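Biologist: I've got a sequence and a model on my screen and a few things I'd like to ask. Can you walk me through them?

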Amino acid sequence: MNGMFAMPGAGAGPAAPQQPKSRFQAFKESPLYTIALNGTFFIAGVAFIQSPLMDMLAPQL
């Protein structure tokens, strides 16, 4: 059966052996990576808003 309903790897011959994942790849696929990345972006955003650079970019009313 060809097309979108075919099983992946059901082609000719046995499937190739899977490469073991590196520690970084395993971490990147874990939920902790998403939490750490979003936490880092949040802290960087708060630091930017509190910085003097934001005062220079905002118009003085």
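Biologist: How far apart do the end C-alpha atoms of residues 31-49 lie?

Modeller: Keep in mind that this is a predicted model. The UniProt annotation "transmembrane region", from an unreviewed entry, covers residues 31-49. In the model that span is 100% helix and 0% strand. Its end C-alpha atoms lie apart by 27 Å.

Biologist: And what pattern does the protein follow along the sequence?

Modeller: The secondary structure comes to three helices and zero strands. Read along the sequence, then, the pattern is α-α-α.

Biologist: What percentage of the residues in the protein is buried?

Modeller: The accessible surface comes to about 6,000 Å², and 69% of that belongs to carbon and sulfur atoms. As for burial, the protein has 61 residues, and the buried part of them is 2%.

Biologist: Which element gives the largest share of the nonpolar patch?

Modeller: The patch covers about 600 Å² of surface and is made by Phe48, Ile49, Leu53, Met54, Met56 and Leu57. Two elements give two or more residues to it, α2 (31-50) and α3 (52-57). The largest share is four residues, and it comes from α3.

Biologist: On to the aromatics. Are the rings of Phe27 and Tyr33 stacked or edge-to-face?

Modeller: The count comes to one aromatic pair. The ring centres of Phe27 and Tyr33 are 5.8 Å apart, with the planes at 90°. Planes over 60 degrees apart fall in the last of your two classes, so Phe27 and Tyr33 are edge-to-face.

Biologist: Now for charges. Which side chains meet in a salt bridge?

Modeller: Side chains of opposite charge can pair when their charged atoms come close. Searching the whole structure turns up one salt bridge. Its N to O distance is 2.7 Å, and the side chains that meet are those of Lys21 and Glu29.

Note on methods:
Residues numbered from 1 in each chain as written. Predicted model: local features only at pLDDT ≥ 70, side-chain atom pairs only at ≥ 80, totals over all residues. Heavy atoms only, no water. UniProt positions renumbered as here; feature names shortened; annotations may be inferred. Patch = residues over 30% accessible without salt bridge, like charges linked within 9 Å, V, L, I, M, F, W, Y side chains within 5 Å. Areas by Shrake-Rupley, 256 points an atom, 1.4 Å probe, with all protein chains shown as cover. Salt bridge = Lys/Arg side-chain N within 4 Å of Asp/Glu carboxyl O. Phe/Tyr/Trp six-rings, centres within 6.5 Å; stacked < 30°, edge-to-face > 60°. Buried < 20%, exposed > 50% of the residue type's maximum accessible area, 1.4 Å probe, protein only.
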